[in-house]
Amino acid sequence: MNNDLDPALDLPDQLHELLRDAPAGVSEFQLIQQLKARHSTHIPNLGLADKLVLFRIHFLLFNALYLLRERLWGRQEAHLEIGPLCVQLQPWQPGSAELARHDPLRDYYLDMQHLRDTTERDVEKLLSSFWTRMQGGDEKRAALELFELDVDQPLDLAVIKQRYRQLVSLHHPDRGGSTGRLQSINLAMEILQRYYG
């Protein structure tokens, strides 16, 4: 079986193909790995250790994802949720395109000048800023607030997992909950596992 992507397809169409095969969604890293494994000519087959290379691959991927989102909206075919931890095709819902028209991330990734002008030093600054915010505990505090856990009480992974199961049960789309809320709960669990695991 040939596992290569059709080289005649542009990157948004190749991503569409991969996303149709992953109804539960897929992470940015998994998409990059799949594109490389299937010999996409649109993603350089370079190691991800170099920060500037990583930024450029990330930018190309997100540019293509936002282009794909626009195509799908234009055809009223599907809605594309875009995030680094989960990229997922969802059913088309009228009005969803209007909600995201003024998305600053979309504007950033669709402006190819950002790809051309970003230097290694710029990437270093971005990463430094990211890690400063993360070490400040903002993500941990936000995750605990989402889980509605009292930070004054002793917490361990067992208590957090129990609360996680309660929230998943309460907000699962099969029980009338929202996919977006469930994704937030899953992200919060990943964050808390790093702190309490």
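Visitor: Over how many bridges do β1 and strand β2 pair?
Guide: This is a predicted model, in which local features need pLDDT of at least 70, side-chain atom pairs count only at pLDDT 80 or more, and totals for chains, interfaces and linings use all residues. Residues are numbered from 1 along each chain as its sequence is written, and side-chain values use heavy atoms, without hydrogens or water. Strands (DSSP E runs of at least two residues) are numbered from the N terminus, as are helices (H or I, at least four). With pairing taken as at least two DSSP bridges, β1 and β2 (residues 88-91) run antiparallel and share 4 bridges.

Visitor: Where does His39 lie, and what is its phi?
Guide: Look in the loop between α2 (28-37) and α3 (51-74), which holds His39. His39 is not a glycine, yet its phi is positive, at about 60 degrees.

Visitor: What is the relative accessible area of Gln76?
Guide: Gln76 sits in the loop between α3 and β1 (78-81). Gln76 is another residue with a positive phi, near 50 degrees, without being a glycine. Gln76 is exposed because its relative accessible area is 54%.

Note on methods:
Buried means under 20% relative accessible area, exposed over 50%, partly exposed in between (1.4 Å probe, protein chains only).
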